[in-house]
Amino acid sequence: MKSRKIIVALDSNNLNKTIKLVKILKRDVYAFKIGYEFFYNFGLEGYKKVYSVCPKIFLDLKLHDIPNTVEKGLQALIKIKPLFTTVHISGGDDMMSSSRTSKKSTKILGVSILTSLDSNQTKKYYNQKNVSALVKKFAKEAEKNKLDGVICSPQEIKYIRKIVGKNFIIITPGIRVGNKLNSDDQKRVETPNNAINLGANYLVIGRPITKSRDPLKTLKEINKSLI
């Protein structure tokens, strides 16, 4: 089997159930993603419980504020040693530059355009209907400001990979399994195998695994599809 590529999103308000899931899946994942729902429910205590079972954590809090605030926030977050954490590229050059002063061993990734937004929404809020063009622009700025990578939907991977080269990390949410490509709030989605073939380094997958009847079996099937 190729090296592990799946980051399982722990979007949950049940700590005991989540810890049990981490124990079951930890040997077959690259890492676990902790985002708003988990972190705001369980905070540092919950984070440390997951970390004690599997220390490979993507702490996805999408910081977006004035440069000094983001810099100080990152200095605090990096003390708990996540593999990755995130800032919004739209926070601007100074904010991204300030994030570099704190990163140490934690990789700082830029959030481009949320996978829940389609062309109508980007036209309304960014005055750009071409989502791919907008994401490419954001990725260029993330690279210029020396972030370690970018978060983007599967539909923009191939464009970004051409722009940023092979060493820039691309992590992709919006991954759906089987015939469920249009079944929820994420608009720009793709299958796991296609996303990897397009050039993603890692895939964030939540509900297709965590809500399945047999999460470990589902995870192993996805891993097998990437061979």
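Which residues are buried in helix α3 (residues 67-77)? They are Val-70, Leu-74 and Leu-77. Bear in mind that this is a predicted model. Below is a quick look at that helix, then at a pocket and at one serine.

**Helix α3**
- Looking down the axis of α3, you'll find its buried residues within an arc of 60°, so they line one face of the helix.
- As for what sits over the buried residues of α3, the cover includes the strands β3 (57-63), β4 (84-88) and β5 (107-111), along with helix α4 (93-100).

**The second largest pocket**
- The second largest pocket holds about 310 Å³ of space.
- It is lined by 16 residues, and Ser-12, Lys-17, Leu-21, Thr-210 and Lys-211 are the closest to its centre.
- Helix α1 (residues 15-25) gives the largest share of the lining of this pocket, with five residues.

**Ser-132**
- You'll find Ser-132 in helix α6 (residues 131-144).
- Its relative accessibility is 19%, and the cut-off for buried is under 20%, so Ser-132 counts as buried.
- Setting aside neighbours within four places in sequence, Ser-132 is in contact with Gln-155, Glu-156 and Tyr-159.

Methods:
Residues are numbered from 1 along each chain as its sequence is written. This is a predicted model: local features need pLDDT of at least 70, side-chain atom pairs count only at pLDDT 80 or more; totals for chains, interfaces and linings use all residues. Side-chain values use heavy atoms; hydrogens and water are left out. On a 1 Å grid over the protein atoms alone, a cavity is a set of points where a 1.4 Å probe fits but cannot get out, and a pocket is an open set with protein on both sides within 12 Å along at least five of seven lines; lining residues have an atom within 4 Å of a point. Grid points are joined across faces, edges and corners, and a volume is the space filled by probe spheres set on the points. Helices (H or I, at least four residues) and strands (E, at least two) are DSSP runs, numbered from the N terminus. Buried means under 20% relative accessible area, exposed over 50%, partly exposed in between (1.4 Å probe, protein chains only). The arc is that of the directions from the helix axis to the C-beta atoms. Contact means heavy atoms within 4.5 Å.
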